Amino acid sequence: MKLLMDLHTHTIASGHAYSTLKENIDEAKNKGLKILGTSDHSYTMPGAPEPFFFENYKTINQEINGLRILKGVEANILDYDGKIDVSDKMIHNVDYVIASLHSHCIKSGSKEENTDAIIGAMHNPAVKIIGHPDDGRFPLNYWRLVQAAKKSGVILELNNASLMKTSARTNTEINMIALIKLIKNNNIPVILGSDSHIYYNVGRFNEIIKLIQEQGLPEELIINCSIKQLEEKLQK
């Protein structure tokens, strides 16, 4: 399996990550990636940058050292209606939005309330990816989530960091297995994200690859293997 991209990465701008964009670019090149997406946390996350950080993305070249750069933001879902902390000016300057539930920005509700929050975020046309829908601290109705992803075309992420020992998320492997089974049954594409907060984890997919191989997830459903498929998703 040749993985060509990593769209879920963080830099020191997020406030709780530890590498620069240049360090992440160098690591992506070393790992043979063709596309690096930089997606720092939006402003309601403690320590995250102000909106102008994302509005000024035009200063970053679209290609650096032969690596294609996509400019994204990991938005925080703020309520059970799916409101996110991304302004129109920010959206104008980003290539994609990842929308995620974070305990610093929203209190976990019931399984249906948490699911409503994500599905509500999917209604925002700027949202292209749902980040780490695997955290047991935010129980979800995975059947509803997959049906909403199938209808909207928003991509569900399989997050490598969630499976690492350093993760604060809970029950992630069990939740991912349940999610992968529904993804297979509904034949919807997914994206793998490293969710790296330090350069050496950029393009790290070891844990999630092991899991998807055990679960028999077909390669054709993994967007990281196809630049064309990614472009089609981002253009919608």
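Q: Is Glu27 buried or exposed?
A: This is a predicted model, so keep that in mind. Glu27 counts as buried, because its relative accessibility is 14% and the cut-off for buried is under 20%.

Q: Which residue does Glu27 meet in a salt bridge?
A: Lys31. The two side chains come to 2.6 Å, N to O.

Q: And how accessible is Lys31?
A: Lys31 has 32% relative accessibility, so it counts as partly exposed.

Q: Why would such side chains pair up?
A: Side chains of opposite charge can pair when their charged atoms come close.

Q: How many salt bridges are there in the structure?
A: The structure holds 10.

Q: Nice. What about Asp26 and Lys22?
A: Their side chains also meet in a salt bridge, at 2.9 Å, N to O. Both residues lie in helix α1, which covers residues 21-30. They are 4 residues apart, about one turn of the helix.

Q: How accessible are Asp26 and Lys22?
A: Asp26 is partly exposed, with a relative accessible area of 30%. Lys22 is partly exposed too, at 44%.

Q: Which residues are linked in a network of salt bridges?
A: Glu112, Asp116 and Arg144.

Q: Now Arg169 and Asp195. What distance separates them in their salt bridge?
A: It is 2.9 Å, N to O. Arg169 sits in the loop between β7 and α6, and Asp195 in the loop between β8 (190-193) and α7 (206-215), so the pair ties together parts that are 26 residues apart in sequence.

Q: Are Arg169 and Asp195 buried or exposed?
A: Arg169 is buried, and so is Asp195.

Q: Which element gives the most to the lining of the second largest pocket?
A: β4, with 4 residues. By class, the lining of the second largest pocket divides into 5 nonpolar, 3 polar and 5 charged.

Q: Back to single residues. Where is His132 found?
A: His132 is in the loop between β6 (127-130) and α5 (142-152). Its relative accessibility is 5%, so His132 counts as buried. The phi of His132 is near 30°, a positive value in a residue other than glycine.

Q: What is the phi of Asn171?
A: Near 55°, and Asn171 is also a residue other than glycine. Asn171 is found in the loop between β7 (155-159) and α6 (172-186).

Q: One more histidine. Is His104 buried or exposed?
A: His104 is exposed, with a relative accessible area of 58%. His104 lies in the loop between β5 (96-100) and α4 (111-122).

Q: What does His104 touch?
A: Met45 and Pro46, not counting residues up to four places away in sequence.

Notes: Residues numbered from 1 in each chain as written. Predicted model: local features only at pLDDT ≥ 70, side-chain atom pairs only at ≥ 80, totals over all residues. Heavy atoms only, no water. Helix = DSSP H or I, 4+ residues; strand = E, 2+ residues; numbered from the N terminus. Buried < 20%, exposed > 50% of the residue type's maximum accessible area, 1.4 Å probe, protein only. Nonpolar A, V, L, I, M, F, W, Y, C, P; charged D, E, K, R; others polar. Contact = heavy atoms within 4.5 Å. Salt bridge = Lys/Arg side-chain N within 4 Å of Asp/Glu carboxyl O.
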